[in-house]
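The entries are in the order in which I looked things up.

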Amino acid sequence: MDLSAFRRRPSPPPSMATDPRSTALLKAQPRGGRAVNVSRILATALIILPVLVLLSIFFRDNRPSDRASLFADAGVLEKKDAQNAEVSASGSAQNTSLSDSGQPRDELLGGLLASGFDEGSCLSRYQSSSYRRPSPHKPSSYLISRLRNYESLHKRCGPHSEPYKKALEDLKSDRAVGSTECKYVVWISFSGLGNRILTLSSSFLYALLTNRVLLIDQGKDMVDLFCEPFPEASWLLPKDFPIANQFNSFGQSSPNCHGNLLKNNMIYHPEKPLPAYLYLHLVHDYNDHDKLFFCDEDQRAIEKVPWLIIKSDNYFIPSLFLMPSFERELFNLFPEKETIFHHLGRYLFHPSNHVWGLIARYFNSYLARADERVGIQVRTFDSGDGPFPYVMDQIIACTQKEKLLPEVNVRGTVSAPSGSSKLKAVLVTSLNLGYAENLKSMYWMHPTVTGEMVGIYQPSHEGHQQTEKPLHNRKAWAEMYLLSLSDVLVTSSWSTFGYVAQGLGGLKPWILVKPENRTTPNPPCGRAMSMEPCFHAPPFYDCKAKRGIDTGAVVPHVRHCEDISWGLKVVEGHQEL
């Protein structure tokens, strides 16, 4: 209920003592009439006064308690205003615990974001700074400058521009026609949402490094998930793109596949002209020829092709750091090397108004008034229906060992919490409801040894991943974003869902060790050395020596991942160029 109407004081009417019309009216009334009026006023007052007292007591005793509201039952996202998904600019409540600190809101994230967007078209772009604490990681001035230059390039060469139309004519001819004014990277919508977000950020960085324009395949739901990130020009590939209907069939044997052309010695052949487009197969099953994309020698040929079509399910940025031709530029863009996805993710991925409605309503209903927010992301890869007891034991062991959640006193008496008791709101995301329910039961049945109060919330529980369903992906995107608003975060090994949340939030999570033989690991979790995502399927190849090497031991700022021993991730190394 909106109580603002009860709290506003109406403006006082003009004083009858100073209104000549009122004075004349009083004089004109007989004395007896005035006495009757006074009696009526007193009688009315005697009737209204008790009513006002009762209303005052009712609203005082029934005002929602900031502390009690944390423990309301958290319904699934689709049941919260599903038919009115848009959040108006005036109707989206702000997180008072973060935005009312007296500090000015940094809506543009230290210059990372360009100004000039219409706020109503993308509420999250301007309101998100009220929902998270300011990041200690500031974008470099060089990154900001390069982003503004890219935006100018995108505006000049984007869809429906004259250079774009000229490039389309070259594409239809199936020949690379000399040097073109604008060149493009086209990203194919592929794989689960977490993978898509990571590969899209990788493709954008590659476009930035090579002065190309990034255009994205709309797929089934990309328009419904994200706002446009670039001013005055769309990043969406027009639906009438000449070869869009072939995207689903692209693979390693496709005629224009880069690896296939290399294998058949068709790309460097002096008598063979370069094609108008190359298909880059960077999916986890790519072969040794496909992986030569990460060699400078091959980049020199690739850079001449106007159109590059990328399909990937990998965060391939760590291997870009191993390429000498890109290394200096990457160091200038990201002096703090582990902030790559943190900056690119916040620059590119702004929830659509529909998704922002889910995020804002849920956050303000259950998480905003907590003293601390703990995110727990649970993803299991074992067959069978959960929840699995060994995973539940692992979650409890990790969160209590690392002092993220308080232990419970199973023998203690329940006492009323003091007014100064600390509130912890725990956001659990999982396809299974059981883990959150077990935690909720534990903290309901037993008091904590610290006296803290703990509320457990889970927005949705889909049962299994449903990548093909737009509603499923909207909820998944909302939950990734909600996790990124945590103060501390626990994630599952191998999960791109968790990678996205940690990167957006600028968090180094505790990673749950992948269980073996359905047994709780010991130790149950470990702290991430970097907030960067992991590249799950990197090449192990020395392009100069043309032999296999351990690419996790070449430079100090690219190391093997904590959760996947063969993966690569960017960390803060100490070696400078």
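I am working with a predicted model. I looked up an open sheet of 6 strands and wrote down its order as E7-E6-E5-E8-E9-E10, with mixed pairing. I then checked the edges: strand E7 (453-457) and strand E10 (525-527) stand there, each with a single partner strand, so one side of each has no neighbour in the sheet.

Strand E8 (residues 488-492) runs parallel to strand E9 (residues 510-512), and the two pair over 3 bridges. In this pairing I found Ser-492 opposite Leu-512 of E9.

**Entry: helices across the sheet**

Which strands does helix H18 lie across? I found that H18 (residues 470-484) lies across strand E5 (372-377), strand E6 (423-429) and E8, at about 150° to E6. Helix H19 (residues 496-505) also lies across E5, E6 and E8, and I noted an angle of about 160° to E8.

**Entry: disulfides**

How many disulfides are there? I counted 5. Numbering the bonded cysteines along the chain, I wrote the pattern as 1-4, 2-3, 5-9, 6-7, 8-10.

I looked up Cys-157 and Cys-182, which are joined with an S to S distance of 1.9 Å. Cys-157 is in helix H6 (residues 141-157), while Cys-182 is in the loop between helix H7 (162-173) and strand E1 (184-187), 25 residues apart. The torsion about their S-S bond is about -55°, so I recorded this disulfide as left-handed. Cys-157 has 0% relative accessibility and counts as buried; Cys-182, at 3%, counts as buried too.

Next I turned to Cys-295 and Cys-543, whose sulfur atoms are 2.0 Å apart in a disulfide. The pair spans 248 residues, from the loop between strand E3 (277-282) and helix H11 (296-302) to the loop between E10 and strand E11 (558-560). Is Cys-543 buried or partly exposed? I found Cys-543 partly exposed, because its relative accessible area is 27%, whereas Cys-295 is buried at 4%.

Finally I returned to edge strand E10. Cys-525 in E10 and Cys-398 in helix H16 (residues 389-401) form a pair, so parts 127 residues apart in sequence are tied together. I noted an S to S distance of 2.1 Å and a right-handed link, with 90° about the S-S bond. Cys-398 is buried at 0%, and Cys-525 counts as buried at 6%.

Note on methods:
Residues numbered from 1 in each chain as written. Predicted model: local features only at pLDDT ≥ 70, side-chain atom pairs only at ≥ 80, totals over all residues. Heavy atoms only, no water. Pairing = 2+ DSSP bridges. Helix = DSSP H or I, 4+ residues; strand = E, 2+ residues; numbered from the N terminus. Contact = heavy atoms within 4.5 Å. Axes fitted to C-alpha atoms, helices over the stretch in contact; angles between N-to-C directions. Disulfide = S-S within 2.5 Å. Buried < 20%, exposed > 50% of the residue type's maximum accessible area, 1.4 Å probe, protein only.
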